[in-house]
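Subject: The structure I promised you

Hi there,

Here is the structure we talked about, with some notes to read alongside it. Please open it and keep it in view while you go through them.

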Amino acid sequence: MAPSSVVVTIDKPSNISLVEVDDSETSVFLEKQKTASTKQFSWLLLLKAQRILSFFPWLAMGVSKTFVSVKKRIALSDSSKDEVKYKEKIMYKFIRVFLAISIVALVVEIIAYLQNWDLKLIPSEAMGLVHLSYMCWISFRADYLAPSITMLSQFCVLLFMIQSLDRFILGIGCFWIKLKKIKPVIDDQSYDIEDPSSFPMVLVQIPMCNEREVYQQSIASACQLDWPKDRILIQVLDDSSDELLQILIRNEVNSWKEKGVNIIYRHRFVRTGYKAGNLHSAMSCDYVKNYEFVAILDADFQPNPDFLILTVPHFKGKPDLALVQARWSFVNKDENLLTRLQNINLCFHFEVEQQVNGHFLNFFGFNGTAGVWRIKALEESGGWLERTTVEDMDIAVRAHLNGWKFIYLNDVKVLCELPESYEAYKKQQHRWHSGPMQLFRLCLPAILSSKISKWKKANMIFLFFLLRKLILPFYSFTLFCVILPLTMFIPEAELPIWVICYVPVTMSILNILPSPKSFPFLMPYLLFENTMSVTKFNAMVSGLFQLGSAYEWVVTKKSGRSSESDLLAFAERESKSFSEDKIQRRLSDSGLDMLGKLKEQEIPVVVVEKKKNRIYRKELALAFLLLTAATRSLLSAHGIHFYFLLFQGLSFLAVGLDLIGEQVN
């Protein structure tokens, strides 16, 4: 064999050919391969460089669009509609003073950092008047400020851990219910379909106030409930102040009445007490005594036809049962980031809190809608009262104190809407957190003097009211919006990492478990909950001490979204409900006049409904405060504290500029 050749053989030569490589060509082959590899590597580097360079224009464009959006938000902001006069708010003044002090402290800390002074320890010798002043500040904060801040932070951390333990126990209870497949069951046989007289008399109430967007679909859903026609009455309780809207709602009621539905329209001339006053007025009608149960459906709720079939039979054979509550399901939960975050919160509320309390305690807070009440329980508990803005929780507490029991049905879902704008959501949360504190002040003597067991009294006072309604907003705002930025300037009282990171993330994961599809929004949820703490804390304080905004009631704005299954039926109703012939026929001679008014006011109505952006000054002030603290944290290389303060400050900034939720074209 020639010495310039190399022969490679294989032990199993089947289907494998002999390969012969000439040694004289090997060097040329390797040179070509090396050249090709060099060119490929060069092209790879150029490709990566091109991708890196293309990232910067994309980033610049994103930042530019963000600044343009912020500029538009500020330019289009409407402060004339701002009901809150910030200059008169103690809380806003406190935040501004805190921000001013933190900025001054940051300037001092930056000077100390540039001079290479130790930001934590007191130096042995002073190097000048400025250095001596800084030494005095370090000594003062270590001896006087740090101990008090440490005590307050330890108290808040204790409350935080107690509330986290409560959430954890609720999660275990929910897991036990899922594991054992525990569900409320109907004891006796259902009603005889062939004998309508075996069905109890049910009253369906739809309270509404200026619900232009949703009145048609809510009335239609109630009129399509599967129940004997002579055993049901639907009350449309309209508190609208718009005369034209009253006409439209009355027309919608008349159209269903012509189809054989037992439905009536009621409008109050004296509109006092908000929703509670509306319901109380409706229950005072003489014909109500002929009905055994009442189902309450808010204007944006769309129950399935089998809603009454799945709820009312639970009362059979249970004379001590007062309420059957169904779960809410949201038709617009994926509309924007705000609705997604709300869905996480409410899924935990219904899946865990309501279900666990309903099974183990037979008590939970009535959600105000999507529930069926025994009318006898309402009457014996004092009926609807106008003393708070949470009339639903009020009647539930009084019924529980009178010995009545509740059932929660997690499998029965009723479609409704979530607020799509931050303004609507903020007002809703203010009412939901101010009202319970009003109710707690009013109900505490009744709870202490009631005949229920001591365990139930303790549960209602310490868990239902104090822990979940007072302590939660208190420690959330105090710990993460006050103490944490304060400790950046007083490092002697620094919060441990597990308080800032590990426990909050663990609790957020626990809260998000009932809605597993929302896991990508874990961190936005954690930041947004802390951001909302300023609103909840303010509402809690105003309700507890009966401040000016405690009794504020604003109807949550609706968009009128329907489920896909309702679109065809809704389109059919739409074509009939808003025709000119219908108005003329229903209103006889006055129809032409009303039609003229309707045409005259078409354009102004559209103008009124246009939303303008708002600037939320408290949130903005807290954003700058947290970002200032983040800068101070960066000087000391705190690590996780810096990142938390940075992203929390950006979260407050986005909310303060109204960049979350419904967007304005």
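Before the helix pairs, a word on angles: axes are lines fitted to C-alpha atoms, for helices over the stretch in contact, and angles run from 0 to 180 degrees between N-to-C directions. Helices (H or I, at least four residues) and strands (E, at least two) are DSSP runs, numbered from the N terminus.

Please keep in mind that this is a predicted model, where local features need pLDDT of at least 70 and side-chain atom pairs count only at pLDDT 80 or more, while totals for chains, interfaces and linings use all residues. Residues are numbered from 1 along each chain as its sequence is written, and side-chain values use heavy atoms, with hydrogens and water left out.

First, the whole chain. It holds 20 helices and 9 strands. Of its 665 residues, 50% are buried (under 20% relative accessible area; exposed is over 50% and partly exposed in between, with a 1.4 Å probe and protein chains only). Contact means heavy atoms within 4.5 Å. Among contacts between residues at least 6 apart in sequence, 79% join residues at least 24 apart.

Now the helix pairs. Helix 12 (residues 454-489) packs against helix 19 (residues 617-635) at an angle of about 40 degrees, and their axes are 8 Å apart. That makes helix 12 oblique to helix 19 (under 35 degrees counts as roughly parallel, over 145 as roughly antiparallel, 65 to 115 as roughly perpendicular, and the rest as oblique). Their crossing is left-handed, a term used if the near helix is turned anticlockwise from the far one by less than a right angle; clockwise is right-handed. Residues making this contact include Phe477 and Phe480 of helix 12 and Leu622 and Leu625 of helix 19. The contact residues divide into 10 nonpolar, 2 polar and 1 charged (Ala, Val, Leu, Ile, Met, Phe, Trp, Tyr, Cys and Pro count as nonpolar, Asp, Glu, Lys and Arg as charged, and the others, Gly among them, as polar).

The axes of helix 14 and helix 20 (residues 640-656) come within 9 Å and cross at roughly 60 degrees. That makes helix 14 oblique to helix 20, and the crossing of helix 14 and helix 20 is right-handed. Among the residues in contact are Leu527 and Phe528 of helix 14, with Phe644 and Phe647 of helix 20. Here the division is 7 nonpolar, 4 polar and no charged.

Helix 14 (residues 522-544) is also the place of Glu529. Is Glu529 buried or exposed? Glu529 is buried, because its relative accessible area is 18%. Leaving out residues up to four places away in sequence, Glu529 touches Asn345, Ser476 and Lys536.

An open sheet is formed by 7 strands in the order 5-4-3-6-8-7-9, with mixed pairing (two strands pair if DSSP finds at least two bridges between them). Strand 5 (263-267) and strand 9 (405-416) are the edge strands, each pairing on one side only. From one strand to the next, the twist averages 20 degrees. Strand 6 (residues 293-296) and strand 8 pair in the antiparallel sense over 4 bridges, and Ala295 stands opposite Val372 in strand 8.

Gly368 counts as buried because its relative accessibility is 3%. Not counting residues up to four places away in sequence, Gly368 touches Lys275, Ile296, Asp298 and Asp392.

Happy exploring!
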